[in-house]
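Subject: Structure handover

Hi,

Here is the structure you are taking over. Please open it and keep it beside you while you read.

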Amino acid sequence: MERIEQHASFGGRQEVWKHASDTLGCDMKFGIYLPEAALRGEKRPVLYWLSGLTCTEQNFITKAGAQAHAARHGLIVVAPDTSPRGEGVADDPAYDLGQGAGFYLNATQAPWAPHYRMQDYVADELPALVERHFAAGDARGVFGHSMGGHGALVTALRHPGRYRSASAFAPIVAPTQVPWGQKALTAYLGSDREAWKAWDTVELVKTAKERLPLLVDQGDADEFLAELRPELLKAACNAAGHPLTLRLQPGYDHSYYFIASFLADHFAHHAAALAA
């Protein structure tokens with residue numbers, strides 16, 4: 001691993017690292033905030049942030065103001081890139097497919113399958129790396145925004161017992177039912193719609209064996225609301241008896257202004273679970 005950035009921040013340190021990913025077959029970057037206790041070597045819980053379409057590891061660490069909240073709660077926060085990148089990695093000219101749009105799944109179709117295994121990366125390889133090289137305990141939470149909100153909820157639901165907390169900002173909750181998701185799922189997984197269900201929060205809630213409480217914030221002025229469909233998640237959770245706090249925030253859009261406005265609540269949600 002190579003550290004390529006470090007910045008003192010709220011008594012801790014914001015770093016960016018680059019490493020060769022065996023899972024993805026390319027170099028990857030991730031941001032990591034280490035609170036003061038972690039810099040002293042004290043094991044701390046880890047909160048994983050998954051970003052949305054077109055983003056890299058930089059968006060969250062530079063726009064959200066997360067470091068102050070992480071320092072207050074003594075949490076390590078890890079923010080990986082959103083897809084594999086580099087020469088030889090398949091791409092597409094559109095913003096919603098290919099590099100920057102990994103959708104946190106494991107692709108099975110050409111030309112994507114050799115590199116696009118973001119689910120294995122964020123759920124397995126990256127946590128193992130973080131817990132090996134930093135003062136990270138095995139208490140984990142996961143949250144994200146938009147495509148990354150989809151990734152956070154799906155990852156938590158697919159791995160019962162691995163995460164103590166999950167939340168999302170404006171997640172794509174039913175990718176099998178909306179154009180963004182249908183385009184990506186067709187490309188990465190093929191035309192078998194049954195296979196798609198394994199990557200759909202609304203579908204996974206129906207059979208979830210773990211009742212991990214979900215916190216979801218959604219702006220009612222979000223320009224992508226037709227792709228996000230929070231009402232479908234509410235209906236699925238109600239039907240399955242799955243605990244969900246869904247908050248529709250009047251006047252808020254899809255931007256980091258929205259995320260920054262309610263990030264403190266999400267950190268409090270995760271900190272309470274990670275301290276249990």
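Below is what was found in it, feature by feature.

Please keep in mind that this is a predicted model. The values below are all computed from it.

Strand 8 (residues 214–219) and strand 9 run parallel, and six bridges join them. You can find one of these contacts by eye: Gly219 has Gln249 in strand 9 as its bridge partner. As background, strands of a sheet pair through backbone hydrogen bonds, either parallel or antiparallel.

**Cavities**

How many cavities of 30 Å³ or more are there? The count comes to two.

The largest cavity has a volume of about 60 Å³. Its lining is made of Gln14, Gly31, Tyr33, Phe60, Ile61, Ala66, Gln67, Ala70 and Val77. Strand 3 (26–34), helix 2 (58–63) and helix 3 (66–73) are the elements that give two or more residues to this lining. Helix 3 gives the most, with three residues. By type, the lining of the largest cavity has six nonpolar residues, three polar and no charged.

The second largest cavity has a volume of about 40 Å³. Tyr48, Leu50, Val122, Val142, Thr155 and Tyr163 line it. Five residues of this lining are nonpolar, one is polar and none is charged.

**The largest pocket**

The largest pocket holds about 200 Å³ of space. Its lining has 13 residues, and the closest to the pocket centre are Leu53, His145, Ser146, Phe224 and His254.

**Salt bridges**

Side chains of opposite charge can pair when their charged atoms come close. A search of the whole structure finds 16 salt bridges.

- Glu231 and Arg229 meet through their side chains, at 2.5 Å from N to O. Glu231 is partly exposed, because its relative accessibility is 41%. Arg229 is also partly exposed, at 26%.
- Asp120 and Arg117 form a salt bridge at 2.7 Å, N to O. Asp120 has a relative accessible area of 22%, so it is partly exposed. Arg117 is partly exposed too, at 28%.
- Arg40 and Glu36 form a salt bridge whose closest N and O atoms are 4.0 Å apart. Arg40 counts as exposed, at 58% relative accessibility. Glu36 counts as partly exposed, at 48%.

**Backbone features**

Where is the cis peptide bond between Ala110 and Pro111? Pro111 is found in the loop between strand 5 (76–80) and helix 4 (118–133). Omega for this bond is about 0°.

Phe10 has a phi of about 50°, and Phe103 has one of about 60°. Phe10 lies in the loop between strand 1 and strand 2 (12–21). Phe103 is in the loop between strand 5 and helix 4.

Are they buried or exposed? Phe10 is exposed, because its relative accessible area is 58% and the cut-off for exposed is over 50%. Phe103 is buried, because its relative accessible area is 1% and buried means under 20%.

Leu225 lies in helix 9 (residues 225–228). Leu225 counts as partly exposed, at 31% relative accessibility. Leu225 and Arg132 are 93 residues apart along the chain, and their C-alpha atoms are separated by 39 Å.

Best wishes

Conventions. Residues numbered from 1 in each chain as written. Predicted model: local features only at pLDDT ≥ 70, side-chain atom pairs only at ≥ 80, totals over all residues. Heavy atoms only, no water. 1 Å grid on protein atoms, 1.4 Å probe; cavity = no way out; pocket = protein on both sides within 12 Å on 5 of 7 lines; lining within 4 Å. Points joined across faces, edges and corners; volume = space filled by probe spheres on them. Helix = DSSP H or I, 4+ residues; strand = E, 2+ residues; numbered from the N terminus. Nonpolar A, V, L, I, M, F, W, Y, C, P; charged D, E, K, R; others polar. Buried < 20%, exposed > 50% of the residue type's maximum accessible area, 1.4 Å probe, protein only. Pairing = 2+ DSSP bridges.
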